Amino acid sequence: MKLTVFGATGGIGQEIVRQALDAGHEVTAVVRDPARFTLTGERLGVFRSDLTDPGALRGAVAGRDAVLSGLGARSRADAGVATRLTRSVLGAMEAAGTRRLLVVSAAPLGPVPAGQGVTDKAVLAIINSVLKDVYADLREMEAELAASATDWTSVRPPKLTDKPVTGRYRSVVGGNPPRGRSLARADVAHAMLAMIDDTATVRQGVGVAY
């Protein structure tokens with residue numbers, strides 16, 4: 001497949017690019033600073049953009065089978081970046097007629113699983129309070145997705161780690177796995193690539209966790 005990856009210098013974005021190349025896909029990595037992007041490959045192209053102009057991004061998404069985005073806030077100070085940059089990606093995709101889009105969101109945007117323990121609920125409440133601006137940004141991003149013409153999927157992991165890819169995790173379309181407390185960035189990337197052709201995930205939020 002021909003894939004475009006936004007946020008390709010981030011932890012999840014780099015994993016998407018690496019795993020996609022290993023699987024034999026043709027990948028276009030969209031980056032703001034090529035000096036920060038160290039991956040190489042025969043089927044890899046690098047597209048430089050500050051992501052603010054949908055028109056300038058059209059060439060990066062035209063003719064793609066799918067677009068995958070690891071864009072998002074890295075801290076509370078970055079709140080707002082997910083909506084703003086995803087809006088540019090959506091504009092470019094709609095102009096180019098590219099439909100499949102997978103993005104990274106977060107588990108707290110999904111419903112609380114039935115049977116969730118008291119401790120997990122308490123921890124979730126604390127996290128929601130501390131990161132409320134980040135989650136408000138992601139909710140607005142998901143609203144932009146829902147209003148778009150794209151075949152989107154919002155992948156919602158819990159706490160992220162830097163452990164190696166396992167390919168073994170749980171996923172729930174429209175919900176979250178019970179007692180799902182963490183997931184490696186590498187497995188988030190694995191899940192996103194696996195969902196590209198999964199029609200059950202189209203226009204859905206999908207919770208993923210160990």
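These are my notebook entries on a predicted model of one protein chain.

**Entry 1: the whole chain**

I began with the inventory, and the protein chain has six helices and 10 strands. Of its 210 residues, 47% count as buried. I then looked up the contacts with a separation of 6 or more, and residues 24 or more positions apart account for 71% of them. The accessible surface comes to about 9800 Å², and carbon and sulfur atoms hold 50% of that.

**Entry 2: the sheet**

In what order do the strands of the open sheet lie? I read off β3-β2-β1-β4-β5-β6-β10-β8, eight strands with mixed pairing. At the edges sit β3 (44-48) and β8 (170-173), each of which pairs on one side only. From one strand to the next, the twist averages 20°.

Next I went through some of the strand pairs. Strand β1 (residues 2-6) and strand β2 (residues 26-31) run parallel and are joined by five bridges. Here Val5 has Ala29 of β2 as its bridge partner. Moving along the sheet, I found β5 and β6 parallel as well, with five bridges between them. Arg100 stands opposite Asp151 in β6. On to β6 and β10: this pair is also parallel and has four bridges. Arg156 finds its bridge partner in Gly207 of β10.

I also checked how covered β6 is. Five of its six residues are buried, so the strand is largely enclosed by the rest of the structure.

**Entry 3: helix α6**

Which strands does helix α6 lie across? I noted β1, β4 (66-69), β5 (100-104), β6 (151-156) and β10 (204-209) for this helix of residues 185-195, which runs at about 160° to β5. Eight of the 11 residues of α6 are buried, so the helix is largely enclosed by the rest of the structure. For the record, the buried ones are Ala186, Asp187, Val188, Ala189, Ala191, Met192, Leu193 and Met195.

**Entry 4: helix α5**

I turned to α5, which covers residues 132-147. Its 16 residues reach 23 Å from the first C-alpha to the last, close to the 22 Å expected at 1.5 Å a residue. My list of buried residues here reads Val134, Tyr135, Asp137, Leu138, Met141, Glu142 and Leu145. A reminder to myself: an α-helix has 3.6 residues a turn, so residues three or four places apart point the same way. The face turned away from the buried side of α5 carries the exposed residues Lys132 and Ala147.

Last, I looked at the backbone.

Leu51 is not a glycine, yet its phi is positive, at about 70°. I located Leu51 in the loop between β3 and α2 (54-61). Is Leu51 buried or exposed? It is buried, with a relative accessible area of 3%.

Arg203 also has a positive phi without being glycine, near 55°. Arg203 belongs to the loop between α6 and β10. Its relative accessible area is 34%, and I logged Arg203 as partly exposed.

How values were computed. Residues are numbered from 1 along each chain as its sequence is written. This is a predicted model: local features need pLDDT of at least 70, side-chain atom pairs count only at pLDDT 80 or more; totals for chains, interfaces and linings use all residues. Side-chain values use heavy atoms; hydrogens and water are left out. Two strands pair if DSSP finds at least two bridges between them. Helices (H or I, at least four residues) and strands (E, at least two) are DSSP runs, numbered from the N terminus. Axes are lines fitted to C-alpha atoms, for helices over the stretch in contact, and angles run from 0 to 180 degrees between N-to-C directions. Contact means heavy atoms within 4.5 Å. The expected span of a helix is 1.5 Å times one less than its number of residues. Buried means under 20% relative accessible area, exposed over 50%, partly exposed in between (1.4 Å probe, protein chains only). Accessible areas come from the Shrake-Rupley method with a 1.4 Å probe; for residues, only the protein chains shown count as cover.
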